[in-house]
Amino acid sequence: ETTAGGAETIVRRCSGEFACPFQKLAHLRHFVSRRAFDIEGLGEKQLTAFVERGWLSSPADIFRLHAHADELLTTEGYGEVSVRNLMAGIEARRTIALDRFIYGLGIRHVGETTAVVMARGYQTAEAFLGAMDKVAGRDPEAIEELDAMDQIGSAVIEAAAAYFAEDHNRRLVQDLRDQLTILDAEKPKT
């Protein structure tokens, strides 16, 4: 890969995405980041601790952390207020904008702008996920529809197809979908 500065770098990737322990933390970090789900109080330290305790292995697990609230109260560094604030921060993100949901999935080449374009293009989570299933299945119409969207080219199409062709990712997305209310995108202003 070439960095923005033009330097060549080697980036190791494994196709298993969240299934890979080294990528799990990076993906969870991305998921809770400001531009994705923006979950207050879930930083590197907390994510690492919760992964080590076996509480977190996928994004959907974040929305099940309340089951560990009592245990968390007995953990050093967690008072009643911090636990309450963390749980409130998580609950506040159970309802999420479609573009943040798409961006939060961490699909390669799908940055914030692309996530907004896709959200506006598909309007609903159902339409987006249905289309991604078809893209993963190499449906020519679905690929053409995605390709016709502004600023979306073959890199995004290939990345989306690869992501949604992976069983592990499909399960992860469905599990997450079950935990959330995903808001329809706003219709683009003409």
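**Close-up 1. Asp-38 sits in the loop that joins helix H1 (21-32) to helix H2 (44-52).** Helices here are DSSP runs of H or I with at least four residues, numbered from the N terminus. Welcome to a predicted model, in which local features need pLDDT of at least 70, side-chain atom pairs count only at pLDDT 80 or more, and totals for chains, interfaces and linings use all residues. Residues are numbered from 1 along each chain as its sequence is written, and side-chain values use heavy atoms, with hydrogens and water left out. Although Asp-38 is not a glycine, its phi is positive, at about 50°. Most residues other than glycine have a negative phi. Asp-38 is partly exposed because its relative accessibility is 24%; the term covers values between buried (under 20% relative accessible area) and exposed (over 50%), using a 1.4 Å probe and protein chains only.

**Close-up 2. Gln-123 lies in the loop between helix H7 (112-122) and helix H8 (125-136).** Here is another non-glycine residue with a positive phi: for Gln-123 the angle is about 70°. With a relative accessible area of 16%, Gln-123 is buried.

**Close-up 3. Glu-112 belongs to helix H7.** Its relative accessible area is 38%, so Glu-112 counts as partly exposed. Leaving aside residues up to four places away in sequence, Glu-112 touches Arg-35 and Tyr-103, where contact means heavy atoms within 4.5 Å. Have a look at Asp-99 too: Glu-112 and Asp-99 are 13 residues apart along the chain, and 7.6 Å separates their C-alpha atoms.

Notes. Helix = DSSP H or I, 4+ residues; strand = E, 2+ residues; numbered from the N terminus.
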